[in-house]
Amino acid sequence: MKTKEAVVFKIAWNACIKCGACVAVCPQEAGFTSEFDTIAEHAACDIACMFCETVCPVSAITHKMLAAEVE
Ligand code: SF4
């Protein structure tokens, strides 16, 4: 039985200004990034602090509960 609800993030690339704020506040291990220097997209995040969503100046980050996508 799962004890943590992991999430996966989605980034609206047409809105992202590549400011790097999401990576700066992210407590995940180094490397939880995309090729565009944002937090990783479509990768499981088991911390789910949502700091990245909060800090993003253009609200480009959204998430889904991983359990809702994968059994
Ligand atoms: S905080 Fe938002 S605008 Fe800045 S790099 Fe991350 S997703 Fe893009």
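Valine 55 is partly exposed, because 15 other C-beta atoms lie within 10 Å, and a buried residue needs 20 or more. This is a predicted model. Valine 55 sits in helix α2, which spans residues 51-55. Leaving out residues up to four places away in sequence, valine 55 touches Ala21, Cys22 and Val25. Cysteine 26 is 29 residues from valine 55 in sequence. In space the two lie 9.9 Å apart, C-alpha to C-alpha.

Now step back to the whole chain. The protein chain has three helices and three strands. Along the sequence they follow the pattern β-α-β-α-β-α. Of the 71 residues, 18% are buried. Take the contacts between residues at least 6 apart in sequence: 67% of them join residues at least 24 apart.

Next, the core. In soluble globular proteins, nonpolar side chains tend to be buried together. Here the largest nonpolar core holds twelve residues. Its members are Val7, Phe9, Ile11, Cys22, Cys26, Ile39, Ala40, Cys45, Cys52, Cys56, Ala60 and Ile61. Strand β1, residues 7-11, supplies the largest share of this core, with three residues. Val7 belongs to this core. Beyond residues up to four places away in sequence, valine 7 touches Cys45, Ala48, His63, Lys64, Met65 and Leu66.

How values were computed. Residues numbered from 1 in each chain as written. Predicted model: local features only at pLDDT ≥ 70, side-chain atom pairs only at ≥ 80, totals over all residues. Core = buried A, V, L, I, M, F, W, Y, C linked by C-beta atoms within 7 Å. Helix = DSSP H or I, 4+ residues; strand = E, 2+ residues; numbered from the N terminus. Contact = placed C-beta atoms within 7 Å.
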